[in-house]
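Trainee: I would like to go through the terms used for this model and see what stands behind each of them. Please set the values against the cut-offs where there are any.

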Amino acid sequence: MNNTLDVIFLGNDNARHARLVESLSHLGFNVRRCHDLVDVYDRYSRQPSPLVVLEAPLPDVHNAAVRLRAIDRSLGIVAIAEFADAESRIRTLLCGADACLSPDVTGLELAAVLQALVRRAVGLDGLDPATDVHAEEPEQAGWRLANKGWTLISPKGRTLGLTTGERDFLTRLVKAPDRKISRDAFLADGADEADSGITRRRFVDVMISRLRRKAAANQMTLPIRAVHGWGYMFAADITLDLDYRVTGDSGRAEGQQAWRSEEADASASV
């Protein structure tokens, strides 16, 4: 599958469903909307997707989960429905769903569940290095932030231009003890000090989601880990290489005002 963030979304054609789709789109997912099971099967047969969200009556969800799971065992399936009790959730999971969510799920929560399924599928957590298609490339000594922090360089020599917010975040990770930083402690340059903690946390979540998407598109496995209930850490050796320069410096050009658009996306994901 060419796009790890491609999602087939079966749901009702209403405002709440539209908000969920919009939130996922803001967070980098490519959403293909469907309004019945026939459309789901048709779209999947013509262009398979690594992720499917099923919001429908439970009998339809069960039928679709069984059929899709039989086609692709690695498919990430999320069910959204009114689950009366634990038994109904268990039955849905046994039919093939990976997660069961209630209809009042937020776009940010749904995106987090889908990201977890993406990590499982493509090894973003580094649990299956044998799947790295670039394993034959020579390794260098750890990760580096070059161009005064505007470019991230992987141990394999791949480069990634950073926005202003991404540069600031990774620079703080490099300098922080144990390469760990809390979400509450991070505030993008230029942001209003009166912003609520919730807004700051959303800002960072959106930025990390975008950074993961950019890295995955560049075939880079980012060792950024979420520290549950606290913040993030960079789970690998990384240095700030002030002497190393990469021609182009594209990250800086695109990122001077990037924190503003990222914060707007964070607010839109509510």
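**Sheets**

Trainee: In what order do the strands β9, β10 and β11 form a sheet, and what is the sense of the pairing?

Mentor: In this predicted model, the three strands form an open sheet with the order β9-β11-β10, and their pairing is antiparallel.

Trainee: Why are β9 and β10 said to stand at the edges?

Mentor: Each of the two, β9 (180–182) and β10 (224–227), has a single partner strand, so one side of each is left without a neighbour in the sheet. From one strand to the next, the twist averages 25 degrees.

Trainee: What makes β10 and β11 a pair?

Mentor: Two strands pair if DSSP finds at least two bridges between them. β10 and strand β11 (residues 231–234) have four bridges, in the antiparallel sense, so by that cut-off they are a pair.

Trainee: Which strands are joined to β6 by three bridges?

Mentor: One is strand β12 (residues 238–240), which runs parallel to β6; there Trp143 stands opposite Ile238. Another is strand β7 (residues 151–153), which runs antiparallel to β6; in β7 the bridge partner of Ala146 is Thr151. The hairpin of β6 and β7 has four residues between the strands, and Asn147 in it takes a positive phi near 55 degrees.

Trainee: Which way do the residues of β6 point, and are they buried or exposed?

Mentor: From strand β6 (residues 143–146), Trp143 and Leu145 point one way and Arg144 and Ala146 the other, and all are buried.

**Helices**

Trainee: How do you know that the span of α1 agrees with that of a helix?

Mentor: Helix α1 (residues 15–26) has twelve residues, which at 1.5 Å a residue should span 16 Å. The C-alpha atoms at its ends are 16 Å apart, so the two values agree.

Trainee: Which residues of α1 are buried?

Mentor: They are His17, Leu20, Val21, Ser23 and Leu24. The arc they cover around the axis is only 160 degrees, which puts them on the same side of α1.

Trainee: Why is Asn14 called a cap of α1?

Mentor: A side-chain oxygen of Asn14 lies 3.4 Å from the backbone nitrogen of Arg16, at the N-terminal end of α1. The cut-off for a polar contact is 3.5 Å, so the pair at 3.4 Å falls within it. Just after α1, Gly28 takes a positive phi of about 100 degrees.

Trainee: Which residues of α2 are buried, and which are exposed on the face turned away from them?

Mentor: In helix α2 (residues 37–46), Leu37, Val40, Tyr41 and Tyr44 are buried. They cover an arc of only 90 degrees around the axis, which puts them on the same side of α2. The face turned away carries the exposed residues Val38 and Arg46. The cover over the buried residues includes β1 (6–10), β2 (30–34) and α3 (58–71).

Trainee: What caps the N-terminal end of α2?

Mentor: Asp36 does, with a side-chain oxygen 3.2 Å from the backbone nitrogen of Val38.

**One arginine**

Trainee: Why is Arg212 called buried?

Mentor: Buried means under 20% relative accessible area. Arg212, in helix α7 (residues 197–217), has 10%, so the term applies. Leaving aside neighbours within four places in sequence, Arg212 is in contact with Gln115, Arg119, Leu222, Ile224 and Arg225.

Technical notes
Residues are numbered from 1 along each chain as its sequence is written. This is a predicted model: local features need pLDDT of at least 70, side-chain atom pairs count only at pLDDT 80 or more; totals for chains, interfaces and linings use all residues. Side-chain values use heavy atoms; hydrogens and water are left out. The expected span of a helix is 1.5 Å times one less than its number of residues. Buried means under 20% relative accessible area, exposed over 50%, partly exposed in between (1.4 Å probe, protein chains only). The arc is that of the directions from the helix axis to the C-beta atoms. A polar contact is a pair of N or O atoms within 3.5 Å; within protein, one must be able to donate a hydrogen and the other to accept it, and residues adjacent in sequence count only if both atoms are side-chain atoms. Axes are lines fitted to C-alpha atoms, for helices over the stretch in contact, and angles run from 0 to 180 degrees between N-to-C directions. Contact means heavy atoms within 4.5 Å.
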